[in-house]
Amino acid sequence: MAKPLEGIRVFDLTIAAVGPWATKLLGALGADVIKVEAPGGDRLSHAVPPLIKGTSVLYISANHNKRMIELDLKREADRAIALRIIEHSDVFVQNMRPGAVERLGLGYETVARVNPRMIYVAASAYGRSGPMAAEAGIDPTVQSFCGWCSITGPEDGRGEMFRHLAHLDLTTATTITQAVLQALIARERTGAGQYIQIEMLTAAMELQTTRLAEFFATGEQPRPLGSAANPTAPHRAFVCEDGKYIAVGVEHDEQWPGFCRAVGLEQLIADPRFATNPLRVQNRNALAALIAERIRLKPPAWWIIRLKKERVPNAPFLNFDQLRDHPQVRGNDYIVDLDSPHWGRLAVDGLPWRFSKTPLGPIRAGGKPGEHTAEVLADLGIVDERKAALAK
């Protein structure tokens, strides 16, 4: 049975995390993704530890479901091969600094002349106009610029950076994937490709839509709240008897009595300070102090049983080792084992979707830089004139 993007070919001229992760997702949907790298591969990704047999884990994980080729696009012969591949492709994705791909001779105008049906995605950090258009950006710098760090950190303390370095990278990658799917639908109607611009900054702001809305409505800068959620209370992490944490979220007033029963604080049900969610938010610190004193008396498992009985959302704090082997994760293939020809057996993230009519998988390991060059050219009927020239 055909996969959703079977028959779609992607010319992948991406680096680092934003672009490679997007094309990885397109490959997972069934597209034939051709990862085009300069001789030696994506040096940035190869240099990022940890490594498995000399290859960066970032590089390995961001390049599943792809075929890897090498072209020196600064050379005319290699650029000619790239244009031949582009003739046979449907999607072009690049996330280099504005102007870099154009200098290589593969800007949108050039590509569109060769293939008017091409869906061309250009991703950047800050956009292609404005005073910062030419600047490079990475996840931490975009976090700082977009205001993220001003709302993250200890309650009433200084702002902090989100410690998962690639959160904004991968959010932008997902936005790219969404845009490509939408553009493919549009092409079905019009027959024409188009140029798509995507920025990390806009993706970061989309993630903060609710917090930005609060600011626009009140004019007040949202403050860091530690683990607490701003719109509801109690909705935060509490430390338990064994020093481990449990996350609890009372999302609406109907859950409040059940929560009070679960933690043995029935007297709070009738306390006028906490009668409604707006009042609980207003008095969140006093409420949190009462709950924290109670939660500290028992381990997480104790509270999980009681909170589940009352149907109050909750979760323990797991580390990656616990997550990897959790029956919920393994039972749904959120993490799967993958045999790779170069790096041995790997544990990797599973497919993020399940389709009833067009099933996906299996996940395929990518490869080393240039590994599939001859295979790809042969499949597309492209004669490698470089070899012919050398033979003479």
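Glutamate 155 is partly exposed in this predicted model, with a relative accessible area of 26%. You can find glutamate 155 in the loop between α8 (148-151) and α9. Its side chain meets that of arginine 236 in a salt bridge, with N and O 3.7 Å apart. Arginine 236 belongs to strand β9 (residues 235-239), and 81 residues separate the two partners, so this pair links distant parts of the chain. Arginine 236 has a relative accessibility of 18%, and because buried means under 20%, arginine 236 counts as buried.

In helix α11 (residues 209-218), glutamate 214 and arginine 211 sit 3 residues apart, about one turn of the helix. The closest N and O atoms of this pair are 3.1 Å from each other. Arginine 211, at 18%, is buried.

What about a salt bridge between two strands? Arginine 67 lies in strand β5 (residues 66-70) and aspartate 32 in strand β2 (residues 32-37). Their side chains meet in a salt bridge with an N to O distance of 2.8 Å. The two residues are 35 residues apart in sequence, so their pairing ties together separate parts of the chain. Are these two residues buried or exposed? Both arginine 67 and aspartate 32 are buried.

Arg67 and Asp32 are part of a network of salt bridges that links them with Arg9, Glu375 and Asp379. Across the model, the count comes to 17 salt bridges.

Let us finish with two helices that pack together. Two packed helices are described by the angle between their axes and the distance between the axes. For helix α9 (residues 167-190) and helix α10 (residues 200-207), the angle is about 100 degrees and the axes are 9 Å apart. Angles of 65 to 115 degrees count as roughly perpendicular, and α9 and α10 are therefore roughly perpendicular to each other.

Which residues meet where α9 and α10 pack? From α9 come His167, Leu168, Asp169, Thr171, Thr172 and Thr175, while α10 brings Met200, Ala203, Ala204 and Leu207. By class, this contact has 5 nonpolar, 4 polar and 1 charged residues.

Key:
Residues numbered from 1 in each chain as written. Predicted model: local features only at pLDDT ≥ 70, side-chain atom pairs only at ≥ 80, totals over all residues. Heavy atoms only, no water. Axes fitted to C-alpha atoms, helices over the stretch in contact; angles between N-to-C directions. Helix = DSSP H or I, 4+ residues; strand = E, 2+ residues; numbered from the N terminus. Parallel < 35°, antiparallel > 145°, perpendicular 65-115°, else oblique. Contact = heavy atoms within 4.5 Å. Nonpolar A, V, L, I, M, F, W, Y, C, P; charged D, E, K, R; others polar. Salt bridge = Lys/Arg side-chain N within 4 Å of Asp/Glu carboxyl O. Buried < 20%, exposed > 50% of the residue type's maximum accessible area, 1.4 Å probe, protein only.
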